[in-house]
Amino acid sequence: MAAAAAALAAADHPPAQPPAAGAAGPTARRDFYWLRSFLAGGIAGCCAKTTVAPLDRVKVLLQAHNHHYKHLGVFSTLCAVPQKEGYLGLYKGNGAMMIRIFPYGAIQFMAFEHYKTLITTKLGVSGHIHRLMAGSMAGMTAVICTYPLDMVRVRLAFQVKGEHTYTGIIHAFKTIYAKEGGFLGFYRGLMPTLLGMAPYAGVSFFTFGTLKSVGLSHAPTLLGRPSSDNPNVLVLKTHINLLCGGIAGAIAQTISTMRETMKYVYGHHGIRKGLYRGLSLNYIRCIPSQAVAFTTYELMKQFFHLN
């Protein structure tokens, strides 16, 4: 059990300079550590969002009350979009999503590791609470850095075939910049997004990290295995990773609704058509998304020798 605890500690706090063989190894590993960390997070984000891209498109259409689909439910819309726009219609806006989600995922996961270490070493905050704080800060950092890309992605996803305001990503950027206040136009609605992301990201990272920590501490043989890039580090088995990531996404989605947003939507659209519109879809998309994101990131950490 002591060995498992030591391995778990190493997994939770990866070394800033991973060891490597050879005279030039440590320098190369040190020089490219952040690049490899950036790539690991970016790939994880892209895999997660590609998995649920059709659900993201439906979410945008329903929550924005698109007049072609507002009378339909989640599964009816999933069937109606291919009939009206072809199967690629389910992935409309996904190109912009990938352009946005790669840096978003990269920044979020990389910032989480950095903030977690910073909070522990500089502030002296340990236990599980440092994951909550680091996750919230990482989520907000990623949102601020990639918000313009997300705005463009949503605008493109809301369009319906034959009624295009924007012809593509570049045209959308140019149009928003010219007609909506220049650079500041890309950050319209940023504050509510930040307030919503802080608890969501914090709880998501907190839940996954805590489940991983507790699981490997109490059942290392049943739930874990040695990391492929560092046998002294325990990692969760892939199916356990998926389960923990899904639970993290479900819990984070449940508690991240803001009180002010609830009041506003309730006042304007009521309960059934407003407050809970798209809520079931949020669960359907967030659970597999977070499961794939955390699992892919853990695999990429091994692939890029980050443990």
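Is Ser289 buried or exposed? I looked this up first, and at 8% relative accessibility Ser289 counts as buried, where buried stands for under 20% relative accessible area, exposed for over 50% and partly exposed for what lies in between, with a 1.4 Å probe and protein chains only.

Before going on I noted that this is a predicted model, in which local features need pLDDT of at least 70 and side-chain atom pairs count only at pLDDT 80 or more, while totals for chains, interfaces and linings use all residues. Residues are numbered from 1 along each chain as its sequence is written, and side-chain values use heavy atoms, with hydrogens and water left out.

Entry on Ser289. I placed Ser289 in helix α13, residues 279–303; helices (H or I, at least four residues) and strands (E, at least two) are DSSP runs numbered from the N terminus. Leaving aside residues up to four places away in sequence, Ser289 touches Ala48 and Val52, a contact being heavy atoms within 4.5 Å.

Entry on the whole protein. I find 13 helices and two strands, and buried residues make up 49% of the 307 residues. Of the contacts between residues at least 6 apart in sequence, 73% join residues at least 24 apart.

Entry on α8 and α10. I recorded that the axes of α8 (residues 190–218) and α10 (residues 238–255) come within 8 Å and cross at roughly 145°, with axes fitted as lines to C-alpha atoms over the stretch in contact and angles running from 0 to 180 degrees between N-to-C directions. The crossing is right-handed, that is, the near helix is turned clockwise from the far one by less than a right angle, anticlockwise being left-handed. Among the residues that make the contact are Tyr200, Thr207 and Phe208 of α8 and Cys244, Ile247 and Ile251 of α10. By class I read 10 nonpolar, six polar and no charged residues there, counting Ala, Val, Leu, Ile, Met, Phe, Trp, Tyr, Cys and Pro as nonpolar, Asp, Glu, Lys and Arg as charged, and the others, Gly among them, as polar.

Entry on the second largest cavity. I noted about 80 Å³ of space in this cavity, and its lining includes Ala53, Asp56, Arg57, Tyr91, Asn94 and Arg153; a cavity is a set of points on a 1 Å grid over the protein atoms alone where a 1.4 Å probe fits but cannot get out, and lining residues have an atom within 4 Å of a point. Helix α3 gives the largest share of that lining, three residues, and the lining divides into five nonpolar, two polar and four charged residues.

How values were computed: On a 1 Å grid over the protein atoms alone, a cavity is a set of points where a 1.4 Å probe fits but cannot get out, and a pocket is an open set with protein on both sides within 12 Å along at least five of seven lines; lining residues have an atom within 4 Å of a point. Grid points are joined across faces, edges and corners, and a volume is the space filled by probe spheres set on the points.
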